[in-house]
Amino acid sequence: MSTARTDSERVELANTALYEAVERGDTVAMEQLWVDSPDVDVSCVHPGWPVLRGRGEVLRSYALIMASTDYIQFFLTDVEVAVAGDTALVTCTENILSGGPAETEGELGPLVGQLVVATNVFRRVGEDWKVWSHHGSPVLAGREDEEDEDEEPGGPERA
């Protein structure tokens, strides 16, 4: 395994570790990844959820998601890392493949794909980068019946 040399590389590794912990259903790793300080209030917005504030509430939400998801895999694309002092911002697209409960025990339920754009904020804690905030928003597919912005209702734009 290569050793990260720059803050950007360390932040990207921490970001990847966040998604790997969810994939494995590893609540212990999840606890270690988030800032744990009485002076810092972490937050999280899962797609379709209200804002969650506080370490306990955020970690409970991940435990619930991991316990109720039989299979999940993230393929991260469009990953951008920006570091400013002891704070870092990661934006990415989460290409998610997940499977829900199956009708027959021991089998995987139907797989579902989803796109989510995410912003993850990290804070340097000692030598490590810890998650301070996560915000995920679903990417809504465009509807075929939507009209072009250049067109007026009922026809093409008139000059």
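Reader: What is the volume of the largest pocket?
Author: In this predicted model, the largest pocket has a volume of about 340 Å³.

Reader: What makes a residue part of the lining of a pocket?
Author: A lining residue has an atom within 4 Å of a point of the pocket. For the largest pocket, 17 residues line it, and Pro 47, Ile 65, Ile 72, Phe 74 and Ile 96 lie nearest its centre. Two or more lining residues come from each of helix 1 (7–24), helix 3 (55–67), strand 3 (71–84), strand 4 (87–99) and strand 5 (111–125).

Reader: How is the lining of the largest pocket divided by class?
Author: This lining has 11 nonpolar, five polar and one charged residues.

Reader: Which residues line the second largest pocket?
Author: The second largest pocket holds about 200 Å³ of space. Its lining consists of Ala 4, Arg 10, Leu 13, Ala 14, Gln 32, Leu 33, Glu 127, Asp 128, Trp 129 and Lys 130.

Reader: Why is Cys 44 called buried?
Author: Buried means under 20% relative accessible area. Cys 44 has 0% relative accessibility, so Cys 44 counts as buried.

Reader: Why does Cys 92 count as buried?
Author: The relative accessibility of Cys 92 is 4%, and the cut-off is under 20%, so Cys 92 is buried.

Reader: How many disulfides does a search of the whole structure find?
Author: The search finds zero disulfides. A disulfide would need a pair of cysteine sulfur atoms within 2.5 Å.

Definitions and conventions:
Residues numbered from 1 in each chain as written. Predicted model: local features only at pLDDT ≥ 70, side-chain atom pairs only at ≥ 80, totals over all residues. Heavy atoms only, no water. 1 Å grid on protein atoms, 1.4 Å probe; cavity = no way out; pocket = protein on both sides within 12 Å on 5 of 7 lines; lining within 4 Å. Points joined across faces, edges and corners; volume = space filled by probe spheres on them. Helix = DSSP H or I, 4+ residues; strand = E, 2+ residues; numbered from the N terminus. Nonpolar A, V, L, I, M, F, W, Y, C, P; charged D, E, K, R; others polar. Buried < 20%, exposed > 50% of the residue type's maximum accessible area, 1.4 Å probe, protein only.
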